[in-house]
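Here's a quick tour of a protein model with its ligand.

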Amino acid sequence: MKYISTRGQMKPVGFQDAVMTGLAPDGGLLLPESLPNVEGYLEEWAQLSYQELAFEIISLFATDIPPADLAELITDSYATFATPEITPSVTVGDFQILELFHGPTLAFKDVALQFLGNLFEYILEQRGGTLNILGATSGDTGSAAIHGVRGKPNINIFIMHPAGRTSPLQEKQMTSVLDDNVFNLAVDGSFDDCQNMMKTTFGDLDFKTTHSLGTVNSVNWARVLAQTVYYFYSAFRAMEKTGAATVQFSVPTGNFGDILAGYLAQRMGLPISKLILATNENDILSRFFNHGTYGMADVVPTLSPSMDIQVASNFERYLYYRVGEDPKKLVALMDGFKKNGTLAIPLNENGVIDDLFVAGRGDTAATLATIKKYHEQCGYVLDPHTAIGVYVAEQHHSDTAPTICLATAHPAKFTQAIINALGEEVHHPVLDILADAETRCDSIANHVDAVKDYLVSHL
Ligand SMILES: *Cc1c(COP(=O)(O)O)cnc(C)c1O
């Protein structure tokens with residue numbers, strides 16, 4: 001399988017190169033040249049364990065990794081999870097809640113980043129050399145990435161987070177990792193500022209090459225790929241439980257990485273009847289899917305900080321498919337967006353942007369009310385991100401397709417929101433031990449030169 005850039009200016013590369021490249025040199029995002037149709041495998045795949053299923057799916061895309069090596073990478077990556085099912089689903093009210101938070105940092109990002117960390121290590125062993133990871137995080141990515149590569153030889157990781165805008169626990173999950181190869185940078189700005197600093201640094205190709213920079217942000221193809229697995233796995237479980245022939249997914253969305261994996265699973269043949277996209281007050285994506293205009297606004301801090309994003313880095317991959325896999329059309333849209341801060345897509349013949357998607361937003365009041373409601377009625381505590389997905393899903397009931405709501409984090413990560421909603425805390429032992437942990441973090445200015453200087457002086 002070869003990988004191309006959404007912007008059409010990159011020579012196709014293999015899987016390992018795609019993983020190491022992150023963003024394409026032409027500024028685009030990498031995608032497989034074509035998506036396999038897996039409809040014929042679904043019946044057989046429904047019988048597999050999570051790891052076996054991950055192997056079947058990933059091996060279709062990672063054709064330059066020998067099967068035995070890939071199987072070992074997958075086994076190692078999911079050995080760090082606290083439950084044998086890796087991503088179990090539980091019935092809560094009308095919904096199947098897909099618990100994606102049983103990895104080391106209690107957020108869904110572990111599913112991809114435990115795998116990506118091992119994959120980086122493997123590729124570097126094959127090829128030699130070192131990798132210096134530069135990432136930007138609104139909270140969960142950073143700690144999941146750090147836990148994915150901590151202590152690994154030949155890898156350093158530099159993670160920028162917006163100072164004071166991640167939850168105190170999320171910050172501690174990052175800054176308490178004291179391995180020599182881990183560097184935490186608190187940036188005096190927003191998550192979008194961090195993301196822009198990262199993108200500008202990667203845009204300097206000389207700098208990127210000289211310092212062997214790589215990325216772990218959700219633009220990395222291996223992350224999206226690893227996330228497709230739980231769409232299949234949970235759909236099989238929901239179809240077994242209910243006898244339904246299709247499912248719908250509700251996805252709390254920020255950078256469009258998680259829901260993109262669902263979109264790709266559907267394009268590969270998984271019977272998904274609807275993707276329900278849920279945002280908080282930072283609703284650029286729900287506005288897009290409802291009205292066709294993708295227009296920037298200021299970022300507002302919310303109770304669901306991992307969704308406090310305006311420019312969704314994975315959205316370009318969706319747009320590429322939406323414009324018929326035509327790089328010229330895609331480039332025209334992205335250029336217009338860069339110039340004007342907005343882009344528009346015409347409605348289709350059914351008067352919507354995409355028949356597969358519905359979208360909505362949940363604000364602070366909806367988040368708190370939803371957490372409270374499911375605690376009272378079902379005895380289940382949703383984290384604030386998951387609560388928004390559930391809230392929006394309530395408005396899109398289907399009689400034929402069970403709704404799977406992605407639970408993207410454990411509620412104990414978001415203490416303040418849970419206290420506001422329930423008047424009491426939720427605990428998790430992994431987090432409780434952080435209270436007295438020693439931490440390490442450096443502050444830098446909100447400017448690309450600040451991060452470049454830091455990298456140069458620490459490599
Ligand atoms: C990252 C994250 C999201 C958003 O996922 P995207 O892939 O960026 O859309 C939602 N919830 C939680 C808890 C997250 O960590």
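## Backbone contacts to the ligand

In this predicted model, a backbone N or O atom of Phe256 comes to 3.1 Å from one of the ligand's oxygen atoms. Gly254 does something along those lines, with a backbone N or O atom 2.8 Å from a ligand oxygen. Then there's Asn255, where a polar backbone atom sits 2.7 Å from an oxygen atom of the ligand.

How much of the ligand does the protein bury? On its own the ligand would expose 380 Å², and the protein covers up 97% of that.

## The site around it

Around the ligand you'll find 15 residues, and the closest are Lys109, Asp140, Gly254, Asn255 and Thr408. Sort that shell by class and you get seven polar, five nonpolar and three charged residues.

## The chain as a whole

Zooming out, the protein chain has 19 helices and 15 strands. Its radius of gyration is 20 Å, close to the 23 Å that the globule rule gives for 459 residues, so the chain is as compact as a globular protein of that length.

Methods. Residues are numbered from 1 along each chain as its sequence is written. This is a predicted model: local features need pLDDT of at least 70, side-chain atom pairs count only at pLDDT 80 or more; totals for chains, interfaces and linings use all residues. Side-chain values use heavy atoms; hydrogens and water are left out. A residue is near a molecule or strand if one of its heavy atoms lies within 4 Å of it. A polar contact is a pair of N or O atoms within 3.5 Å; within protein, one must be able to donate a hydrogen and the other to accept it, and residues adjacent in sequence count only if both atoms are side-chain atoms. Accessible areas come from the Shrake-Rupley method with a 1.4 Å probe; for residues, only the protein chains shown count as cover. Ala, Val, Leu, Ile, Met, Phe, Trp, Tyr, Cys and Pro count as nonpolar, Asp, Glu, Lys and Arg as charged, and the others, Gly among them, as polar. Helices (H or I, at least four residues) and strands (E, at least two) are DSSP runs, numbered from the N terminus. The radius of gyration is taken over C-alpha atoms; the globule rule is 2.2 Å times the number of residues to the power 0.38.
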